[in-house]
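Let me put the thing up on the screen, and then we can walk through a few spots together.

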Amino acid sequence: MRDEDILSFAKDRNDEADKNNEELKTEISGSGDGTDELFEDFEPETAALKKGQNGVSDGAFGIITTGIDPLEITEAGARITGYITTSHRQKVRLGTYVIVPYGDEDLFARIWKLQYLQEFAVDDATEIHSRRMLQSNTTDEVDYKFLAYLDPICILYEPKDKEGVLARRMSDRIPRPNTPILPVTEKKKIQTGLNIPEEGIFMGHLSVGGELVRTHAVPPTVPYYLRNDYSMGDPLIFRHMLVCGSTGTGKTFLTKNILRQFMSENNRYKLRGSEEKRNPCLVIMDPQDEYSQIFEDNPEITDDDDFRFSAEKVNFGACKNTKTFVAKVDGEGYTGRSRAEQIEFTIPFEMVRNNSWLIAPVGMTELQYVGIDLLLDDFFKKSTQHTYGGFIDFIGDDATRDYYVESGKIHEASYDGIARRVKNRALARVFDQPARPINEVLGQIFKPGQVSVFPTEYITNSRIRDIITLTLMSLIVDNKLNTSGEAAVKETPIILGLDEAHRYLSNASGEHSRRLISKFADAARQGRKEGLGLFLITQDPQDIDETIFKQINTRIILNLSNDAAINTMKVKKEFEKRIPYLKKGQMIVHSPDNSDMVEIMGLSKCVVKHV
């Protein structure tokens with residue numbers, strides 16, 4: 001039989017069934033004996049629901065049901081199923097936050113699973129049905145059960161001795177069947193339910209699936225803040241932050257917005273052993289010459305933006321106390337974007353005395369590392385001029401070579417290898433240039449309330465860029481950890497913004513790399529006490545040394561497509577699957593000491609200039 005004949009036969013049968021149903025309905029309704037009162041017309045939204053009678057809002061998504069699965073809550077988890085009404089099914093998404101009232105307190109939960117079930121026993125996996133639906137899809141939502149499975153997050157309640165204060169505890173109650181499932185429309189309930197601070201460093205707005213969570217407040221969005229006070233310990237910036245995302249996901253845009261929040265006049269931090277509070281100094285290593293624009297206003301910010309920013313305590317506008325520090329490099333000149341005051345400096349070779357990795361390239365053997373330390377130690381004991389040129393003359397002298405080789409202090413092959421690797425034209429271009437040594441301008445670099453930017457884009461040689469960055473990192477760490485460190489560094493809270501962090505804090509590949517990593521790991525551990533906060537930006541978080549990575553408390557994850565990078569972040573499964581699909585500005589925040597893991601959306605406009 002042809003398909004056309006099958007469909008024609010099915011249509012005739014359906015028409016006949018419809019005719020019989022109409023006759024039966026007419027017979028019942030027209031009998032006049034009151035039997036029509038036995039039947040009630042079904043309406044998806046009854047008048048009672050629309051008017052909100054019995055305390056039920058017409059905005060309820062649906063009700064808790066036991067018709068499919070039993071209600072269950074245990075110490076290991078819960079099984080709570082809700083039926084979603086037809087008029088609200090388009091509003092419900094995976095991850096949507098909801099409230100289930102108990103009367104005296106509320107269950108705060110998120111939807112972790114959605115499911116359709118047939119209302120009536122019908123086989124819809126047939127050729128006839130599929131062709132009919134393809135020709136004219138007349139599917140009625142009422143013919144299906146739409147179920148939402150809830151993951152309890154906490155119980156929201158008001159403590160008896162603290163009227164008007166909202167608190168949370170673990171989910172220890174089971175909701176009653178037929179209790180309404182309500183959207184969360186109160187900002188305070190969402191913030192308390194997710195353990196988000198009500199003030200602090202603004203980072204973005206709470207979202208689900210890229211859609212902002214909205215409430216009845218003005219403005220309706222829910223701001224996400226990073227804890228920045230001493231109520232529960234030290235501010236979280238001193239337990240370090242990481243922003244990671246693939247190229248083009250908006251890392252710099254987001255980083256500017258976050259770092260700007262720390263540069264408020266009212267934002268002050270304590271120093272070790274003192275109750276005095278000072279503004280932080282923001283030091284930024286800028287490989288793309290973008291962060292100096294913190295010095296300028298964003299001309300695209302409107303009055304409406306001004307109102308929203310002020311309502312949610314978002315700091316915006318130029319940081320006029322911004323300075324650009326330019327390394328003097330022979331043959332290179334800075335012609336970048338910075339309009340802030342520019343101060344030139346040079347790196348004195350004297351700094352290599354305790355930081356031999358500045359001239360020791362990756363790839364040296366262990367014997368060569370030992371040898372270069374010995375040569376540097378002896379060179380700096382001499383009364384000669386301690387410059388890079390003086391060191392090259394020292395190791396290039398035949399008498400010096402004979403002394404170390406014949407005495408057995410350094411093997412002949414190792415000595416020659418050191419000499420070849422250290423004699424580098426790039427090193428001669430960066431050390432001891434005609435500018436003030438960096439250790440003499442520390443008072444200008446590390447000032448409370450100042451943004452100090454170190455651009456390196458204008459330098460074509462990657463090794464010189466690395467030397468400049470490593471020098472500054474060493475200066476900060478050495479002076480912070482040393483009890484007799486320079487007062488400018490020791491007595492100033494410092495936030496170090498390190499872009500391309502994986503280049504400098506990668507898994508140790510040699511003895512000197514291990515020393516640097518070890519030193520920075522110590523600084524990360526003691527950051528809370530010493531007033532040093534690391535703000536790392538990278539596209540390869542998997543390359544950052546594990547000892548340092550473990551010290552990072554707040555991780556901001558943008559779109560990542562690298563499986564190794566995603567696995568490194570160690571987020572919950574439901575969030576891990578979203579990472580490759582995050583849109584620009586959309587991110588996941590993993591900060592256990594601040595809040596539950598959440599998704600947020602960053603601002604659509606930069607709070608300072610961004611080109």
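So, which residue in strand 5 does Y97 stand opposite? It's R110.

Quick housekeeping before I go on. This is a predicted model, where local features need pLDDT of at least 70 and side-chain atom pairs count only at pLDDT 80 or more, while totals for chains, interfaces and linings use all residues. Residues are numbered from 1 along each chain as its sequence is written, and side-chain values use heavy atoms, with hydrogens and water left out.

Back to Y97's neighbourhood. Strand 5 covers residues 106-118, and it runs antiparallel to strand 4, with five bridges joining the two. When I say helix or strand, I mean DSSP runs numbered from the N terminus: H or I over at least four residues for helices, E over at least two for strands. Strands pair if DSSP finds at least two bridges between them. Strands 4 and 5 form a hairpin with four residues between them, and in the turn G103 has a positive phi of about 115°. Strand 4 also has strand 8, residues 180-183, as an antiparallel partner through two bridges; there, V98 has P183 as its bridge partner. Four of the five residues in strand 4, residues 97-101, are buried, so the strand is largely enclosed by the rest of the structure. Buried here is under 20% relative accessible area, exposed is over 50%, and partly exposed is in between, with a 1.4 Å probe and protein chains only.

Leaving aside neighbours within four places in sequence, T85 is in contact (heavy atoms within 4.5 Å) with A60, F61 and G62.

Now, strand 20, residues 532-538. Seven of its seven residues are buried, and that goes for both faces: L532, L534, L536 and T538 on one side, G533, F535 and I537 on the other. Strand 12 (residues 241-244) pairs with strand 20 in the parallel sense over four bridges, with V243 partnered to I537. Strand 19 (residues 494-499) is also parallel to strand 20, over six bridges, and L496 stands opposite L534.

On to the cores. A nonpolar core is a set of buried Ala, Val, Leu, Ile, Met, Phe, Trp, Tyr and Cys residues joined through side-chain atoms within 4.5 Å. The largest has 90 residues, and F349, I359, F391, V422, F431 and F446 touch the most other members. Helix 13, residues 462-481, gives the most to this core, with nine residues.

Last one: how do helix 7 and helix 10 cross? The axes of helix 7 (residues 366-381) and helix 10 (residues 412-422) come within 9 Å and cross at roughly 75°. Axes are lines fitted to C-alpha atoms, for helices over the stretch in contact, and angles run from 0 to 180 degrees between N-to-C directions. The two helices are therefore roughly perpendicular, a label for 65 to 115 degrees; under 35 is roughly parallel, over 145 roughly antiparallel, and the rest oblique. Among the contact residues are I372 of helix 7 and V422 of helix 10.
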